[in-house]
Amino acid sequence: MALSLAVIIIFGMAVNFLFTKMKLPGLLGMLLVGVIIGPYCLNWIDKSIINISSDIRKIALMIILLRAGLGIKVKEIAKAGKTALFMSFIPGLFEGLAVSVASIWLLKLDFIRGGMLGFILAAVSPAVVVPLMLKFIEEKKGLDKGIPILILSAASIDDVVAITCFTTFLGFYINGNINIGLQFLNIPISIILGIVLGLVIGTILIWLFNKLHIRDTKKVILILAVAIFMTELENVLADYIVIASLLGVMSLGFMITENKPELGERLSKKFSKLWLFAELLLFVLVGAEVNIDVALHAGLKGLVVIVIGLVFRSLGVCLATINSGLNIREKLFVITSYIPKATVQAAIGSIPLMSGVQGGELILAVAVLSIIFTAPLGSLLISITGEKVLSKSETFN
């Protein structure tokens, strides 16, 4: 395991540096490193790390979400407002339903199995999008209209909607009967519960920090441990109630910054340093999940289905951003920011196959193909369009 970690760090850092020098996103290079040294290619990563890969990626994701929460302020959320709400479900529903229909025509799946595939693909990858948005925030780009904050807020809820819709279609297939109204009622409930959980735990931590003198480094460790606990709580209570724990993690960071701005700024810098190591593990291990053979099995038809989904997602973004105050070039940036797939697809792409769904292998193949196609393309387009489109601003209007 130790040797595998060394390989991940050395090759990940080297390729990250090389890609950055070539004006390409470093995470693109790290994803490719993961594919090459992963179990489906050179197989240089020890099985012990592969076995705990999902846990390592979860910890890394907690770090970047806490960074995001610590960097958000009330006025920025208010600015995102209605547009963020529309962005959180309209583009995803457009993509999911478009893929569902296209799968009938191209992949010979029925609407239920196409719906599973559609909402596996419909989830935006926070692992790819959040770091890039934080980079623009740190560079003070797009802050005049709050564009990075808009995308951060909407992308997190987008995942909740996509996973809920996927679960609904899977339940239809397995049980033959499911309460659709109850399933979709879970979406706002899970969002509210996630935010409330984060705010409550954030309040408790603030009280604790006021009562006890704790060094900032130890605060970071404690906050990270609490964030991981929150995600595990979601899993424990999944059979009884749905909690959007990722939103809760961001809300936790937000609560600290809102009540203790100086502490929030210091902790954000600590998490930024921790992220230097975490991002290597996250993106290399996400790349290692990609089975190229399975992706090739999806073939050209699978790629066409993915592209159709992205086209309809883009139309959904255009609809969601009407009267948002964004110009055409800024809307183009938002469209590109909604392209990357990785985290959710790697996590749930195999569930239909494991659940005995006929055509589950094909669904997994298209999910893997979506990671290979959209994660590098999306990260590259976000970086290029962001640099050209987002204006630098010291203030948030």
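View 1. With a relative accessibility of 9%, Ala84 counts as buried, because the cut-off for a buried residue is a relative accessible area under 20%. This residue of the predicted model is found in helix α5, which covers residues 74-106. Leaving aside residues up to four places away in sequence, Ala84 touches Leu150, Ser153 and Ala154. The view may also take in Thr321, which lies 237 residues from Ala84 in sequence, although the C-alpha atoms of these two residues are 8.7 Å apart in space.

**View 2. The packing of helix α4 against helix α7.** Helix α4 is formed by residues 53-70 and helix α7 by residues 126-138, and the two pack at an angle of about 35° with their axes 10 Å apart. Their crossing is left-handed. On the side of α4 the contact is made by Leu61, Ile64, Leu65, Arg67 and Ala68, which meet Pro126, Ala127, Val130, Pro131, Leu134 and Glu138 of α7. Sorted by class, the residues of this contact comprise nine nonpolar and two charged ones, with no polar residue.

**View 3. Arg67, a charged residue of helix α4.** Arg67 has its place in helix α4, and with a relative accessible area of 7% this arginine is buried, because a value under 20% is what the term requires. When residues up to four places away in sequence are not counted, Arg67 touches Leu134 and Glu138, and also Ser268, Phe271, Ser272 and Trp275.

**View 4. The packing of helix α4 against helix α10.** The axes of α4 and of helix α10, which runs over residues 216-236, come within 10 Å and cross at roughly 115°, and this crossing is right-handed. Here Lys58, Ile59, Met62, Ile63 and Leu66 of α4 meet Ile223, Leu224, Ala227, Ile228, Thr231, Glu232 and Asn235 of α10. The contact of α4 with α10 contains eight nonpolar, two polar and two charged residues.

**View 5. Helix α2 and the helices around its buried residues.** Helix α2, made of the 12 residues 26-37, reaches 17 Å from its first C-alpha to its last, which is close to the 16 Å expected at 1.5 Å a residue. The helix is mostly covered, since 10 of its 12 residues are buried, namely Gly26, Leu27, Leu28, Gly29, Met30, Leu31, Val33, Gly34, Val35 and Ile37. These buried residues pack against α1 (2-21), α7, α12 (261-288), α13 and α17.

**View 6. The bend in helix α13.** Helix α13 extends over residues 292-320, and its 29 residues would reach 42 Å in a straight helix at 1.5 Å a residue, yet its end C-alpha atoms are only 35 Å apart. The helix bends by about 85° at Gly299. Among the buried residues of α13 are Val294, Ala295 and Ala298, as well as Gly302, Val305, Ile306, Gly309, Leu310 and Arg313.

**View 7. Leu377 in helix α17.** Leu377 is found in helix α17, which comprises residues 360-389. At 30% relative accessibility this leucine counts as partly exposed, because its value lies between the 20% limit for buried residues and the 50% limit for exposed ones. Leu377 and Ala342 are 35 residues apart along the chain, and their C-alpha atoms are separated by 12 Å.

Technical notes
Residues numbered from 1 in each chain as written. Predicted model: local features only at pLDDT ≥ 70, side-chain atom pairs only at ≥ 80, totals over all residues. Heavy atoms only, no water. Helix = DSSP H or I, 4+ residues; strand = E, 2+ residues; numbered from the N terminus. Expected span 1.5 Å × (residues − 1). Bend = angle between axes of the 7 residues up to and from the residue. Buried < 20%, exposed > 50% of the residue type's maximum accessible area, 1.4 Å probe, protein only. Axes fitted to C-alpha atoms, helices over the stretch in contact; angles between N-to-C directions. Left-handed = near helix turned anticlockwise from the far one by under 90°. Contact = heavy atoms within 4.5 Å. Nonpolar A, V, L, I, M, F, W, Y, C, P; charged D, E, K, R; others polar.
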